[in-house]
Amino acid sequence: MAKVKSLADLRRMKEELQSKMDLREKSNDPESLVQIKVAMATCGIASGAKEVMEFLIEETAKRGIKTIVTQTGCMGYCYAEPTIEVKVPGKEPIVFGDVDIKKADQIVEKYIKNGELVDGIIPVNYKTLD
Amino acid sequence: MEKYKMHILVCGGTGCRASASEAIQNNLQDAIAAKGLEDEVQVVMTGCFGFCEKGPIVKILPDNTFYVEVKPEDAEELIEEHIIKGRKVMRLLYVDPENKEVISDSKHMGFYKKQIRIALRNCGFINPENVDEYIARDGYAALGKCLAEMTPQTVIDEIKESGLRGRGGGGFPTGLKWEFAAKNEADQKYVVCNADEGDPGAFMDRSILEGDPHSVLEAMAICGYTMGADKGLIYIRAEYPLAITRLKVAIKQAREYGLLGNDILGSGFNFDVEMRYGAGAFVCGEETALIHSMEGLRGEPTVKPPFPAESGYNGKPTNVNNVETFANIPVIINKGANWFNKIGSEKAKGTKVFALAGKINNVGLIEVPMGTTLREVIYEIGGGIKDGKKFKAVQTGGPSGGCLTEKHLDTPIDFDNLIAVGSMMGSGGMIVMDEDDCMVSMAKFYLEFTVEESCGKCTPCRIGNKRLHEILHKITLGEGTKEDLDLLRNLSTVIKDTSLCGLGQTSPNPVLSTLDNFYDEYISHVEDHKCAAGQCKALMQYVIDPELCVGCTLCSRNCPVDCISGERKEAHLIDTSKCIKCGACMEKCKFNAISIQ
Ligand SMILES: Cc1cc2nc3c(=O)[nH]c(=O)nc-3n(C[C@H](O)[C@H](O)[C@H](O)COP(=O)(O)O)c2cc1C
Ligand code: SF4
Ligand code: SF4
Ligand code: SF4
Ligand code: FES
Ligand code: FES
């Protein structure tokens, strides 16, 4: 291990190390963040949910949106996989269907950033995904 | 670089390790490897979550799922179900004892809701054996700030302003103590961390050292900077092997980064820490005894003054602080005295860590703001009394604290309030008792401890406590008199007034507080020879109810001393003068005819 030589050094180190702890810090206060759940059951994975999830994690981070992305089990919308549920603080959760990378990009840009609605909303017929 | 999508925190505190958390960690790692998820899921061994009762604890992030009583065999299912399929493993979730509701997020558990974690901020959150995780959470930033941007006096002023008072029991203002040590000039000074933690049942300090050792090292260095000491010593009992290991790892890592050693962060300030081991004597937690023990002398207290700040270890100015006191320091420096002194009550700022034990649903380690009431702690955080029994008393302050009752439940907890009602804060032990606990036996139990632990230097403590214990023992045998109660009170006062150190000055507290709060119970022991709680065996009598007895003879055939008489099909009778109270008859009777009175 190299020595930390000054306070500035230490602060720089902290900045670098922080990203590794980001996920833990965020889960301390999830209600204040955008929460996205990606359906990751058999049909979801088959239709590309994994790629969508990775895209969401990376892009929200890049665009500076504090987000927690988690996976859930089957949401019951096999016909519209991949499906994701987006909960913006202070709003009701919304479920989007047939989310590919392009759609995911729209959801981040339009719905999450600007609060505009995006096609593909599935009427909610469930209570909670937990 | 790996970009983990999920973190699995496995509790690596002493409690959970004893129930196989290491095997859980290994099995999780294997299951993750088998699925090829090494780059996506990180497994982290943390310090204690405080909820040891339901350990081993496994927490999965970012969705904050809190799994309890996890076994090594569960690892595969957790990975397969939760990590891969995103389905919670219901059978491992916590069930609220009151309303039987399943709670998956620890933030919704009554146990955590009222807690504010300052001293325990990193326990159950970071890997204590990885200095990088500590640094990522502002670790050593406070030390850096002190060295680069503050003078020793401004640091002391900040601590004074914060209102922080010692968490080792005395509640002495920490900033003031530092100032005394700073003012005494000497060629060598020392910073000592008191990690003796001798109270039976207490594990606050151990958990901090196991879960966040760097916070104590950082604070010791800050203290060294303020007083001009370049040497720190941690006095820890040898019975704390895991805490010792974690401290050693932390010291090594801090030295490698140059956060301990010479010219820390290029400031020219030198500070290093060494360990000293105690053999586990309660009195060695007293600061002068602790210093003598470190010097290789007998662990006996000496008269103050001189205070350690003038003449401590090797006769040099020494500042002694408790583990928890130190753990608060970096946060105060980082967030400011004004952030800290808004938490807590009028006369006591910040939080206090307590070890909840006894007849309470949620046994464990908690941290609450000063001024929280006993009722909130016992009922909201502690989840109430076990098995729906009735609350009787709560003992605070360790072996020499007092027993408080129903009428004290709304007392806001702080140093002064607890003393005002005849108990004390001590280091933070809190033992809850229910209707089945006998207060005389309880006082006797604590006296047994102090008699054992008295160093014997002063007569009132050495002999007086022994006499107290004898009298209490006599009362539990039903041989006490009313005069004995007065004797107990007088003797207690003498011991308190004439003992040299805090041990003798407080050891009669359990006697006095039970006399004050449960006088009736003493009276029924000495006058009616009854123990309502059914704890004093000598006062119990096995009695057969002639109404219920059908004369089956089963009891008399099982009595080892043949003291049950009676004809077949007629009510039986126990000769209580011969009965040895073994309980065999009661166990055998199928008609519930035998009871204890
Ligand atoms: C009998 C006895 C036992 C003590 N045991 C401890 C102990 O285990 N840990 C501790 O920190 N302080 C203990 N103390 C208090 C110490 O003497 C001292 O006041 C304390 O370490 C100072 O630190 P603080 O100001 O940070 O609380 C004990 C005191 C007495 C009289
Ligand atoms: S009060 Fe008791 S423990 Fe303290 S010095 Fe005297 S004999 Fe020793
Ligand atoms: S308690 Fe034991 S000794 Fe007493 S009467 Fe019953 S069986 Fe006999
Ligand atoms: S066992 Fe019970 S019912 Fe039978 S003789 Fe004894 S007391 Fe009576
Ligand atoms: S498996 Fe995906 S909706 Fe059923
Ligand atoms: S040791 Fe695991 S919760 Fe305390």
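This report walks through a predicted model, taking its ligand sites, its chain contact and a few backbone details in turn.

## Around ligand 1

Let's start with ligand 1, which has 18 residues around it. Gly168(B), Lys177(B), Asn321(B), Asn322(B) and Thr325(B) are the closest of them. If you sort this shell by class, you find 9 polar, 6 charged and 3 nonpolar residues.

On its own, ligand 1 has 610 Å² of accessible area, and the protein covers 89% of that. Of the shell around ligand 1, β10(B) provides the largest share, with 3 residues.

Ligand 3 is surrounded by 14 residues, and the closest are Cys559(B), Cys579(B), Cys582(B), Gly583(B) and Cys585(B). By class, the shell of ligand 3 holds 12 nonpolar residues, 1 polar and 1 charged.

Ligand 4 has 13 residues around it, with Cys549(B), Cys552(B), Thr553(B), Cys555(B) and Cys589(B) coming nearest. How many charged residues does the shell around ligand 4 have? There are no charged residues in that shell, which divides into 10 nonpolar and 3 polar.

Now for the contact between the chains. The size of an interface is often given as the accessible area lost when the parts come together. For chain B and chain A the buried area is about 3,300 Å², and carbon and sulfur atoms give 60% of it. Lys5(B), Pro62(B) and Tyr257(B) supply 19% of the area that chain B buries against chain A, more than any other three residues. In residues, the contact takes 44 from chain B and 35 from chain A.

The interface also has polar features: 9 residue pairs are in polar contact, counting those with both residues at pLDDT 80 or more. On the side of chain B that touches chain A, at least two residues each come from β1 (6–11), β2 (41–46), α3 (75–85), α5 (131–136), α6 (141–149) and α11 (241–256). The helix α6(B) gives the most to this side, with 5 residues. Sorted by class, this side of chain B has 19 nonpolar, 15 charged and 10 polar residues.

Side chains of opposite charge can pair when their charged atoms come close. Over all chains the structure holds 47 salt bridges, and 6 are found across the interface of chain B and chain A. One salt bridge brings together the side chains of Asp138(B) and Lys14(A), at 2.8 Å from N to O. Another is formed by Arg137(B) and Glu25(A), whose closest N and O atoms are 2.7 Å apart. Why does this pair join two chains? Arg137(B) sits in the loop between α5 and α6 of chain B, while Glu25(A) belongs to helix α1 (residues 7–26) of chain A, so the pair joins two chains.

## Backbone details in chain B

Finally, a few loop residues deserve a look if you plan to inspect the backbone. The peptide bond between Gly55(B) and Pro56(B) is cis, with omega about -10°. Pro56(B) itself is in the loop between β2 and β3 (58–61) of chain B.

A cis peptide bond also runs from Lys304(B) to Pro305(B), where omega is near -5°. The place of Pro305(B) is the loop between α12 (287–294) and β10 of chain B.

Then there is Asp263(B), a residue other than glycine that has a positive phi, near 50°. You will find Asp263(B) in the loop between α11 and β9 (272–278) of chain B.

Note on methods
Residues numbered from 1 in each chain as written. Chains lettered and ligands numbered in written order. Predicted model: local features only at pLDDT ≥ 70, side-chain atom pairs only at ≥ 80, totals over all residues. Heavy atoms only, no water. Near = heavy atom within 4 Å. Areas by Shrake-Rupley, 256 points an atom, 1.4 Å probe, with all protein chains shown as cover. Helix = DSSP H or I, 4+ residues; strand = E, 2+ residues; numbered from the N terminus. Nonpolar A, V, L, I, M, F, W, Y, C, P; charged D, E, K, R; others polar. Contact = heavy atoms within 4.5 Å. Buried area = accessible area lost by both parts, 1.4 Å probe. Salt bridge = Lys/Arg side-chain N within 4 Å of Asp/Glu carboxyl O. Polar contact = N/O pair within 3.5 Å; in protein donor to acceptor, adjacent residues only side chain to side chain.
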